[in-house]
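Biologist: Could you take a close look at the aromatic rings in this one for me? I'd like to hear what they pair with and what sits around them.

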Amino acid sequence: MTTLSPENSLSARQSASFILGLHPFVRTEAWKFLTGYFSWQSSQDERLTVDSMRRKNYKALCQMYEKIQPLLENLHRNFIETRNNIARDIQKLYDKDPLGNVLIDKKRLEKILLLSYVCNTQAEYQQGFHEMVMLFQLMVEHDHETFWLFQFFLQKTEHSCVINIGVGKNLDMLSTLITFLDPMFAEHLKGKGAGAVQSLFPWFCFCFQRAFKSFDDVWRLWEVLLTGKPCRNFQVLVAYSMLQMVREQVLQESMGGDDILLACNNLIDLDADELISAACVVYAELIQKDVPQTLKDFFL
């Protein structure tokens, strides 16, 4: 890759991440490039400088939060409610491995989530963020890395997992995609299965993490989303592929909305590579057709 231009080198690295996946030994460092925490063209000295800057900025945000916390508690009812929601969600997390070893620090996790809520006005706290940030905490060593990786992940994926920004759009485009590629299934979903697709919002809010059998599978899919390959908004093709897994059962049993949702919720322990491959097949089928402008603008 050293013989490629910077632009082609970047594309090649992203393509390799997309096609081959990342080895666990390099995941921590590679994610800093995929998210934009570091520039692909940066030198080691530049990366040390950037990391130091991000550490200082995180510390400054923490100090700011400590100063304004009393004001938030007194004047903003939503702050107290959100803080309580975060505390409840974190308590539900199972923080130990099968051998009883502690995996995460819940106090540190709570602090990062509160800071993210206060500082990122675009992405208010929602259920699911606690599990997402937990995976970042498992990946890296320091709190400033966890905080910034989460912020950059949200930006790089166009806030697709945020309820008031991307989730509704994802669901609408998923319905449009089903109508275009699978009219028979779409007809059933609009009739007896009405409401089923809109009820799949947890897939997007949790970024599919509950569908997989391991954290490595979750990271594998997220890495693909970060590459932007083979297209933008790949998460909707993933959701379409998951729906196709229950399609035959839904049509044969003429399922209603609640039963469809139950069948979809039973899609667990999936293999990330198989699901990614299935979604790529859908993309290959899509680009061979005369795609409506709405889908073209969303994916291409």
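Modeller: Here's a walk through the rings, then the helices and loops around them. Keep in mind that this is a predicted model.

Let's start with the count: there are 21 aromatic pairs. Take Trp31 and Phe153, whose rings are 6.0 Å apart centre to centre with 20° between the planes, a stacked pair. Trp31 belongs to helix H2 (residues 24-34) and Phe153 to helix H7 (residues 143-156), so this pair ties together parts that are 122 residues apart in sequence. Both Trp31 and Phe153 are buried.

Now for a pair with another geometry. Phe129 and Phe150 have ring centres 5.3 Å apart, and their planes stand at 80°, so this pair is edge-to-face. Phe150 is in helix H7 as well, while Phe129 is in helix H6 (residues 129-139), so the pair links parts that are 21 residues apart in sequence. Phe129 has a relative accessibility of 2%, so it counts as buried. Phe150 comes out at 1% and counts as buried too, because the cut-off is under 20%.

Phe33, Tyr37, Phe38, Trp40, Tyr58, Phe147, Trp148 and Phe152 form one aromatic cluster. One of its members, Tyr37, also has a charged neighbour: Arg54 lies over the face of Tyr37, at 5.1 Å from the ring centre. You'll find another such arrangement at Phe206, where Arg210 lies over the ring face at 4.0 Å from the centre.

Just after H2, the backbone does something to note: Gly36 takes a positive phi of about 100°.

Thr157 has a relative accessible area of 8%, so it's buried. Leaving aside residues up to four places away in sequence, Thr157 touches Leu225 and Leu226.

H8 itself (residues 163-181) packs against helix H14 (residues 272-287): the two axes come within 12 Å and cross at roughly 65°. The crossing is left-handed. On the H8 side you have Leu177, Phe180 and Leu181, which meet Val282, Glu285 and Leu286 in H14. Sorted by type, the residues of this contact are five nonpolar, no polar and one charged.

Phe208 has a phi near 70°, a positive value in a residue other than glycine. Phe208 is in the loop between helix H10 (201-205) and H11, and its relative accessibility of 3% makes it count as buried. The loop between helix H11 (215-227) and helix H12 (234-252) holds Pro230, which is joined to Lys229 by a cis peptide bond with omega of about 0°. Asn233 lies in the loop between H11 and H12 too, and has a positive phi near 55°, again in a residue other than glycine. With a relative accessible area of 10%, Asn233 is buried.

How values were computed
Residues numbered from 1 in each chain as written. Predicted model: local features only at pLDDT ≥ 70, side-chain atom pairs only at ≥ 80, totals over all residues. Heavy atoms only, no water. Phe/Tyr/Trp six-rings, centres within 6.5 Å; stacked < 30°, edge-to-face > 60°. Helix = DSSP H or I, 4+ residues; strand = E, 2+ residues; numbered from the N terminus. Buried < 20%, exposed > 50% of the residue type's maximum accessible area, 1.4 Å probe, protein only. Lys NZ or Arg CZ within 6 Å of the ring centre and 35° of its normal. Axes fitted to C-alpha atoms, helices over the stretch in contact; angles between N-to-C directions. Left-handed = near helix turned anticlockwise from the far one by under 90°. Contact = heavy atoms within 4.5 Å. Nonpolar A, V, L, I, M, F, W, Y, C, P; charged D, E, K, R; others polar.
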